[in-house]
Amino acid sequence: MSLCDIESEQISSNDIPLGLLMANHDVVVIGSGAGGAMSAHILCAAGLNVLMLEAGREYDPVAETPMFQTPADAPLRGAPTPDKDKGFYWAVVDGGYTVTDIPYTQGGEVDFKWFRTRMLGGRTNHWGRWTPRFGPYDFKGKSRDGLGEDWPVSYEDMARWYDDTETLVGVYGANTELENHPPSAPGVLHAPPAPRVYELFVKAACEELGLPIIPARRAVLTRPIDERNACFYATDCMRGCSIGAAFQTTTSLIPWARRTGRLTVQTRAQVTNLKLDKSGRPVGVRYIDLSNGQEQIVISRVVVLAASACETARILLNSRDEGSPNGAANSSGQVGKNLLDNPQSQAVTAYFPKLDGRPNYNEFGAGNAHLYAPWGGHDAQARGELDFPRGYQFMFWGGRQTPEMGLAGVADTVDGYGAPLRAAIKQRYGSMIKFVGQGEMLPSSQCYADLDPERRDRWGMPALRFHWKWANSDIAMANHMRKTMDKIIDRLGGSRVSELREGEAFLTEPGTCIHEVGTARMGPDPRQSVVNEYGQAWDAPNLFLMDGSVFPSSPCKNPTLTIMALAMRNSRYLASEIKAGRL
Amino acid sequence: MTAFYLPMIDRRTSFRWVATAMAATLGYGSASFASQEPGDARPVSGTGYGTDPNLVEPKVTWSLTMSDRQRLLLATLADTLLPPEPGQAKPSAVGIADFIDEWVSAPYPEQARDRALVFSFLEWLDKQALVLDGKTFIETSLINRKKVLDMVAYADRVLPSDSDAASKFHRVRWLVVSGYFTSPQGVEELRFIGNEAITEYPGPTDEAFSHLDNILSGLGLTRGSV
């Protein structure tokens, strides 16, 4: 069936669109971030025509990235404001924890914070570029400890896709022998940058305490590939990267897909819902053209939904029709359920007098961590010594970084005034280290998102309502994180600058790790999951989910590499299904 | 009074709030200026920079509001807090009062809280100085300025009656320290190395490694290998 042969009567008669677009495309991809852009790249490379719908505006990192601008060039020296939650220079457009026209509400004990941006490339423009692989245990957690859910794919299924994704994206790091931290194939990884003094300082204490410290894996090139340059060790990755060294889809996947001539990008297209036929399959996508406020419906025989986990759930839940009263692809009732984030500790900043006045050198590095501490507590867990079931990683940052407001905590540690104050600041600049833990939580019936029965967005669509309650195991893990940090700080003679909170309060608000996943999980059973192992909806074989919504669990590892690896794998499957005439 | 605070306007900032800054200088040396009190700021006006500002050519979208006297008082305070060694800059010479004026004039909640705090602390400074010798903080001697700051600057010496002022001082010092050491001169004084493209990251120098090994040795630790 050709695209234009989709009969208009497949759309409910009460939904006659204002604008019905019957463009020449094979697939509509909703979202341009890690999953959506990877999918578009793979599909276009396979010879398929793709229409990408992005709610945000066009974004050009080459022209718009403030690479060398200093804090002194920015209003308020770049400090965060309600307009820019993460600071002036972060590559975030019309977003942050508030998007004016699209509110969200709370229905649980603890408020969830939802970070979004409205720009081509989505959150890949400002992510931390952390790209650890999930390991064998991460895909089969339930088989190991009986908790949560297994993934319908194993590490062995995913290994080659990780290799291919890392090769395409460009990842620095090093292979290790650590349990559940599998290696990349030879030659895949870029060389990691040399560790810095403050990192080696922490490492020495961690090793004595039995904690592994290894080179971080990050999607930053340390050798040039294709048209992208290697990192030049000078600028903050969170601002975006005009030279393409720090991976974002706007300097890679999207331009590559555009060059095929088969990708059409429609920006400022706020998708509201899918239009379903009587069997529940999508036949089109409804969106608001934000440039003129007009409603549009675009017809498509295949839809890839990759709007980010929570927005994907909202679109599915809002795609209600006579035949699908609970929303699209939701016969299981699992859409919006199983919302996960990585429980994240309060940022703990400590001052280490031993580092005062040390010899100066270029300590800026690759714009983020060179070393970090992955979870290495599997043996302790096996011995029953821990009161939480899964693990956490912790990261640390410090040293002589770009001076910003507060001087990374130095301005909080000083006393007095006059010449001694001025001297103390210079002595201590480089003596501060900040620690953050990020852990794994289990899916919980207390953590989910649904539609608010009253609150609506600017276009009349129900807002997403979050429900959250930390589990006792999350709080136990937070306490363990805190004790670990205490041991390291104490061993190195440090003093805490931050006032450490206790128990649940030691965790930051859910959502603030910005690793939210799980709202439309994959699985082997259509009664318990939304999609199969290929991200293909059980209820609608022409609907694929390609973002973090499909994660059955959220290991204590940053999710974006796995989102991209799954999108690569599943888009290849999708392309083969289309070419075989099965879609 | 002949002392005045000259706004520091470089080519990057000149386009953004030059009009208000220059207007603020007009009153220096005038009779009316001497009678101004610290609280004589203009109301906050303007809007935030929005959720999609130009990041490559940043602009401040609000007017400066501090009175001439407040700016001079802040500059005097900042120079007392961070007096320069030979070859170093005074905070007032790198535009510290301009920056804090920009900060407390911003239409954002955190800055609004600081606005009230800073203005209140400036008033407190003058009141304490007046008690000492009948002169304001600007006009009094350096010795007396230090006597005033000694009341609030050292955490373990603050009298309970001065704890509120000390709390405010802590934040004002934070703003002054941050403002100075994020200025180009302050960054240079910190000897920050970065923001310049290099082809390979060299890592620590031999001297830095040697120093690290010494401090680890003192802690009974070793560097190990990566």
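This is a predicted model: local features need pLDDT of at least 70, side-chain atom pairs count only at pLDDT 80 or more; totals for chains, interfaces and linings use all residues.

Residues are numbered from 1 along each chain as its sequence is written, while chains are lettered from A and ligands numbered from 1 in the order in which they are written.

**Stop 1: a parallel sheet**

Select β6, β3, β2, β10 and β18 of chain A: these five strands make an open sheet in the order β6-β3-β2-β10-β18, with parallel pairing. Helices (H or I, at least four residues) and strands (E, at least two) are DSSP runs, numbered from the N terminus. Two strands pair if DSSP finds at least two bridges between them. Strands of a sheet pair through backbone hydrogen bonds, either parallel or antiparallel.

Now look at the edges, β6 (263-266) and β18 (543-545) of chain A: each has a single partner strand, so one side of each has no neighbour in the sheet. On average, neighbouring strands here are turned by 20° against each other, direction ignored; axes are lines fitted to C-alpha atoms, for helices over the stretch in contact, and angles run from 0 to 180 degrees between N-to-C directions.

Zoom in on β2 (residues 27-30) and β3 (residues 50-53) of chain A, which pair in the parallel sense over four bridges. Which residue of β3(A) stands opposite A:Ile30? Click A:Leu53 to see it.

**Stop 2: a loop residue with a positive phi**

Phi of A:Ser308 is near 95°, a positive value in a residue that is not glycine. Is A:Ser308 buried or exposed? A:Ser308 is buried, with 27 other C-beta atoms within 10 Å. The cut-offs: 20 or more other C-beta atoms within 10 Å means buried, 12 or fewer exposed, and in between partly exposed, with C-beta atoms placed from the backbone.

A:Ala408 is another one to click, in the loop between β13 (392-398) and α10 of chain A. A:Ala408 has a positive phi of about 60° without being a glycine, and its 25 C-beta neighbours inside 10 Å make it count as buried.

**Stop 3: a mixed sheet with a helix across it**

Next, select β4, β16 and β15 of chain A, an open sheet of three strands in the order β4-β16-β15 with mixed pairing. Its edge strands are β4 (104-106) and β15 (448-456) of chain A, each pairing on one side only. Neighbouring strands of this sheet are turned by 40° against each other on average, direction ignored.

Five bridges join β15(A) to β16 (residues 462-467) of chain A, and the two run antiparallel. Find A:Arg456 and, opposite it in β16(A), A:Pro462.

**Stop 4: a hairpin**

Pick β7 (residues 269-276) of chain A, where seven of the eight residues are buried. Seven bridges join β7(A) to β8 (residues 282-289) of chain A, in antiparallel fashion. A:Leu276 has A:Pro282 as its bridge partner in β8(A). In this hairpin, with five residues between the strands, A:Gly280 takes a positive phi near 95°.

**Stop 5: two crossing helices**

Show α5 (residues 155-169) and α13 of chain A: their axes come within 9 Å and cross at roughly 105°. They are therefore roughly perpendicular to each other (under 35 degrees counts as roughly parallel, over 145 as roughly antiparallel, 65 to 115 as roughly perpendicular and the rest as oblique).

**Stop 6: the core and the chain contact**

Color the largest nonpolar core, which has 221 residues; A:Ile30 and B:Ile96 are among those with the most contacts inside it. A nonpolar core is a set of buried Ala, Val, Leu, Ile, Met, Phe, Trp, Tyr and Cys residues joined through C-beta atoms within 7 Å. Helix α13 (residues 560-579) of chain A gives the largest share of this core, nine residues.

Finally, show both chains: their contact takes 68 residues from chain A and 60 residues from chain B (in contact means C-beta atoms, placed from the backbone, within 7 Å). On the chain A side, α6(A) supplies the largest share, eight residues.

Terms used. Two residues are in contact if their C-beta atoms, placed from the backbone, lie within 7 Å.
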